[in-house]
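I opened my notebook for a quick look at pockets, patches and charge pairs. Here is what I looked up, in the order I did it.

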Amino acid sequence: MSPHLQVYRFRLSMFLSIANRAAGVAAAAGSALAVCWLNAAAKGPDSFRKVQKVTRHPLGILALAGWALALVYHFVAGLRHLAWDAGYRFEKKDINEDGPVAVGVAVGTTVVLVATVLGLAVCRSRKKAS
């Protein structure tokens, strides 16, 4: 029988492991919504306009940014797991050092990605208006 959870101290590596699983679920759900978006684009301009209303709303933008974070974090955590499976950086000290780095890389990459996409969208809408 496993010891009770009160025996363990909650560590960042435990949280990141749980977050990786949650990010996988969020990435899959977001991908399903992306398929719906593509379906609306294929149906025609009226359907696509309705979906664009949702994605241009601040909550829609926040959901897309969350989806991007889930995809990027799940990818970064997957790379960590690949390294571990190959026998690298699997000591307790290494795992504790790499956790904050993985979070920083995921958040930084997501910020750059979202800022780039939003910047391109703003430039495109300004070009369209003129």
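This is a predicted model: local features need pLDDT of at least 70, side-chain atom pairs count only at pLDDT 80 or more; totals for chains, interfaces and linings use all residues.

Entry 1: I began with the largest pocket, which holds about 1200 Å³ of space. My grid had a 1 Å spacing over the protein atoms alone, and a pocket is an open set of points where a 1.4 Å probe fits, with protein on both sides within 12 Å along at least five of seven lines. Points are joined across faces, edges and corners, and the volume is the space filled by probe spheres set on them. Residues are numbered from 1 along each chain as its sequence is written, and side-chain values use heavy atoms, with hydrogens and water left out.

**Entry 2: its lining.** Lining residues have an atom within 4 Å of a point. I found 29 of them, with Trp37, Gln52, Thr55, Leu64 and Val117 nearest the centre. Helix 1 (12–43), helix 2 (45–56), helix 3 (58–85) and helix 4 (92–129) each give two or more residues. Helix 4 provides the largest share, ten residues. Helices here are DSSP runs (H or I, at least four residues), numbered from the N terminus. By class I noted 21 nonpolar, five polar and three charged residues; nonpolar covers Ala, Val, Leu, Ile, Met, Phe, Trp, Tyr, Cys and Pro, charged covers Asp, Glu, Lys and Arg, and the others, Gly among them, are polar.

**Entry 3: salt bridges.** How many salt bridges does the structure hold? I found five, taking a side-chain nitrogen of Lys or Arg within 4 Å of a carboxyl oxygen of Asp or Glu. Arg89, Lys93, Asp94, Glu97 and Asp98 are linked in a network. Arg89 pairs with Asp94, the closest N and O atoms being 3.5 Å apart, and with Glu97 at 3.4 Å. Glu97 also pairs with Lys93 at 3.2 Å; these two are four residues apart in helix 4, so about one helical turn separates them.

Entry 4: I called residues buried under 20% relative accessible area, exposed over 50% and partly exposed in between (1.4 Å probe, protein chains only). Asp94 counts as buried because its relative accessibility is 15%. Arg89, at 37%, is partly exposed, as is Glu97 at 39%. Lys93 is exposed at 56%.
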